[in-house]
Amino acid sequence: MDASKEVTIGQLQAQKDFVKKITNKMQVTSQGPRAAVLAFSDIPLTLVDMGRHSTLEDFHSKVDQARNLGGIRRVATALETAANKFTAKGKPGHRVVLLLTTGNSSDTVDRLRQAKKSLQNIGARTYVIVISSKPATTNFMPVVDSYKRIFVASADFLSHLLYPLARHISETKGNLPIL
């Protein structure tokens, strides 16, 4: 979840609501499918670690604690942290990263590509959800394998992406998100 200085209170709340809805849809549990949630700006903060919640309500409570972290938006750092979460947990399964962001990264294209490679090396697929009314989606191509993995919505309509995104992920054999 994007928690950089440019994220509005409404955008942050929309991200929290989206994460809670998609984890409900995917029936996330501490045993599986599992999920982790990171808030990021220039430094990522783990809100929920994989398997470190007792109930879905506990998971959602931790998501609700997200706050604006300030700082610049460093997408590569968030993606690298996601790759480390998968590597540290070491359990087999589908590996999916959902990057929610409200704008472009401050990282270089090379750094974004390196982060993408880290995720590809462990078999993870990345999806980008851009929360904006006027996004430059081409700026996110360095982190995804296909433009079909970039979704766009304003904060008011973010929940409308829930079913198309969940369907796309499940149709491509993945059900374990890091959000």
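Of the 179 residues in the chain, 51% are buried, a value that, like every other one here, is computed from a predicted model. The chain as a whole exposes about 8300 Å², and carbon and sulfur atoms supply 49% of that area.

The secondary structure consists of five helices and six strands, and when these elements are followed from the N terminus on, their order is α-β-β-α-α-β-α-β-β-α-β. The radius of gyration of the chain is 14 Å, close to the 16 Å that the globule rule gives for 179 residues, so the chain is as compact as a globular protein of that length. In keeping with the topic of overall dimensions, the C-alpha trace spans about 35 × 35 × 30 Å along its principal axes. The contacts can be described by sequence distance as well: among those between residues at least 6 apart in sequence, 74% join residues at least 24 apart.

The C-alpha atoms of Lys 21 and Tyr 163 are 9.9 Å apart in space, although the two residues are 142 residues apart in sequence. When neighbours within four places in sequence are left aside, Lys 21 is in contact with Ser 159 and Leu 162. With a relative accessible area of 40%, Lys 21 is partly exposed, because this value falls between the 20% under which a residue counts as buried and the 50% over which it counts as exposed.

Asp 156 belongs to the loop between strand S5 (150-153) and helix H5 (162-171). Its relative accessible area is 68%, so Asp 156 is exposed. Asp 156 and Asp 42 are 114 residues apart in sequence, and their C-alpha atoms are 26 Å apart in space.

Rolling a probe the size of a water molecule over the atoms shows where empty space is left. A search of the whole structure finds three cavities of 30 Å³ or more, and the second largest cavity has a volume of about 50 Å³. Which residues line the second largest cavity? The lining is made up of Lys 116, Leu 119, Gln 120, Ala 124, Thr 126, Val 143, Val 144, Asp 145 and Arg 149. Helix H4 (109-121) and strand S4 (124-131) each supply at least two residues of the lining, and the largest share, three residues, comes from H4.

Two of the residues named in that lining, Gln 120 and Arg 149, can be examined individually. Gln 120 is found in helix H4, and at 36% relative accessibility Gln 120 counts as partly exposed. Gln 120 and Ala 83 are separated by 37 residues in sequence, while the distance between their C-alpha atoms is 8.9 Å.

Arg 149, by contrast in location, lies in the loop between S4 and S5. Is Arg 149 buried or exposed? At 12% relative accessibility, Arg 149 counts as buried, because the value is under the 20% cut-off that defines that class. Not counting residues up to four places away in sequence, Arg 149 touches Arg 125, Thr 126, Tyr 127, Val 128, Val 144 and His 168; among these partners, Thr 126 and Val 144 are also named in the lining of the second largest cavity. The C-alpha atoms of Arg 149 and Ala 78, which are 71 residues apart along the chain, are separated by 17 Å.

Definitions and conventions: Residues numbered from 1 in each chain as written. Predicted model: local features only at pLDDT ≥ 70, side-chain atom pairs only at ≥ 80, totals over all residues. Heavy atoms only, no water. 1 Å grid on protein atoms, 1.4 Å probe; cavity = no way out; pocket = protein on both sides within 12 Å on 5 of 7 lines; lining within 4 Å. Points joined across faces, edges and corners; volume = space filled by probe spheres on them. Helix = DSSP H or I, 4+ residues; strand = E, 2+ residues; numbered from the N terminus. Rg over C-alpha atoms; globule rule 2.2 N^0.38 Å. Buried < 20%, exposed > 50% of the residue type's maximum accessible area, 1.4 Å probe, protein only. Contact = heavy atoms within 4.5 Å. Areas by Shrake-Rupley, 256 points an atom, 1.4 Å probe, with all protein chains shown as cover.
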